[in-house]
Amino acid sequence: MGKTVVILGAGPGGIAAARTLRTLLAPDDRITVVDRQDEQRLGVSLLLIMRGWREPEQVAIRPSRVLHGIAEFQQAEVLHIDPDTRTVQTSRGSLPYDALLLATGAELAPDAIPGLSGALENGIAGHCWSLPATLQLRERLRCFTGGRILVVIARLPYKCPPAPYEAALLIRDLVEERGPGQSTEIVVVTPEPSPLAVAGPAIGEQLTRFLTERSIAVRTGEQLAAVDPRQREVSFVTGTRELFDLLVVVPPHSAAAVARTAGLVEGDWVPVALQTMRTKVEGIWAIGDVAAVRIRNNLVVPKAAVFAQQQAEIAARDIARFLGYAAPDPEVRAFGRCWFIAGRGSAGIIEGDFLAEPRPAVTFQSPTSEGFAQMENELAAWLAQDPGASR
Ligand SMILES: Cc1cc2nc3c(=O)[nH]c(=O)nc-3n(C[C@H](O)[C@H](O)[C@H](O)COP(=O)(O)OP(=O)(O)OC[C@H]3O[C@@H](n4cnc5c(N)ncnc54)[C@H](O)[C@@H]3O)c2cc1C
């Protein structure tokens, strides 16, 4: 009888894992992918939507179509994982598994900061870490008539380390195009000692210079403590306070709730082995944003689609071996390459090997028009995996 692999989550990690597993398992082995939504977008699309350059339907794919012929897609809410009976409870019933891959991503936890949820609800604050919030922020920016915009990273880690800096640059680009550029001050505040600290201080200096030249100030070492929506004021753990007209925030992130109930989470994330993506529970693997992939003592792989896809390959090979197949050795990689959109027709690249010793070897290539065209081509290639999408 064939084996069953269940993949929870149809983001970039879950889809990549299903593709690789299909090539490694026998035809009668079953791969089932479960997600509450049959619609996916790359994170970079949220920045393009916020800036007004794309509409949500232009940058969406449907996992049910993408996975056709590869895996069975079930649109359902995952309610509970029972490692003892090797079953997953979903809103559509119970799914037994021989191997389970958790690719459920990160959830946003605005309630972790006093006052933040209220500020987001009344539109004083916004973000582009989910589609509904991105659309709200876009409307808010369209009406913005000038003032002080604070871009605040609430907690580490969060999805896509460069994205808040790109958001600040795109907002600068937008207010200059629309008019209130001269009367708009933009300040990015991060708890890190330098922007993108995971990439090292040289990248931080380069990025700070780049932002300053575009009239964006950077403040480091400040952890958000609370938001006062009435006074339009944020306070930091150091006691510093800052007034704002619009707060653009990276909300705190944590592992998707279902990972927690299965007892897989330590701290906020699911720890996994770098070489295999195995969790501490036999028969369960985790990849992508939900996982904490530790490289060295103080270094964890950043949360980005590019890493989720590499981890999918590692996990798929290890799962195939676990199920008795002669899959190739997992190739342990943590090479990241991320577009850095700086404004209309201009994108750079931040890339590097996070396994390099003694520290990650990361470079920042300044934004160019060729970079922007390549970014658009890569997005188009990703969208093309859904042959049924009409754009
Ligand atoms: C503004 C922004 C820009 C970004 N830019 C880039 C970039 O340029 N390059 C890059 O590499 N990355 C980028 N990212 C990060 C990237 O989007 C994420 O790292 C990536 O999506 C993680 O993939 P994943 O498969 O681990 O999880 P996700 O993509 O989050 O997918 C998880 C899936 O699990 C599902 N799920 C969770 N819980 C349940 C449940 N209980 N029941 C059913 N389904 C469930 C969710 O619906 C979701 O579809 C960006 C992110 C943002 C927000």
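In this predicted model, helix α2 is followed by Gly 52, a residue whose phi is positive and lies near 90°. The helix itself, spanning residues 43-51, is mostly covered, with 8 of its 9 residues buried.

The domain assignment of the chain places residues 4-105 together with 256-322 in domain 1, and residues 118-252 in domain 2. The centres of domain 1 and domain 2, taken over C-alpha atoms, are separated by 30 Å, and 14 residues of domain 1 are in contact with 16 residues of domain 2. Helix α2 supplies the largest share of the side of domain 1 that touches domain 2, contributing 6 residues. By residue class, that side of domain 1 divides into 8 nonpolar, 2 polar and 4 charged residues.

An open sheet is formed by 3 strands in the order β13-β14-β15, with antiparallel pairing. Strands β13 (224-228) and β15 (241-243) stand at the edges, and because each has a single partner strand, one side of each is left without a neighbour in the sheet. From one strand to the next, the twist averages 20°. Strand β14, which covers residues 233-236, is joined to β15 by 3 bridges, the two strands running antiparallel; Ser 235 has Arg 241 of β15 as its bridge partner.

How values were computed: Residues are numbered from 1 along each chain as its sequence is written. This is a predicted model: local features need pLDDT of at least 70, side-chain atom pairs count only at pLDDT 80 or more; totals for chains, interfaces and linings use all residues. A residue is buried if 20 or more other C-beta atoms lie within 10 Å of its own, exposed if 12 or fewer, and partly exposed in between; C-beta atoms are placed from the backbone. Helices (H or I, at least four residues) and strands (E, at least two) are DSSP runs, numbered from the N terminus. Two strands pair if DSSP finds at least two bridges between them. Axes are lines fitted to C-alpha atoms, for helices over the stretch in contact, and angles run from 0 to 180 degrees between N-to-C directions. Domain bounds come from an automatic or database domain assignment. Two residues are in contact if their C-beta atoms, placed from the backbone, lie within 7 Å. Ala, Val, Leu, Ile, Met, Phe, Trp, Tyr, Cys and Pro count as nonpolar, Asp, Glu, Lys and Arg as charged, and the others, Gly among them, as polar.
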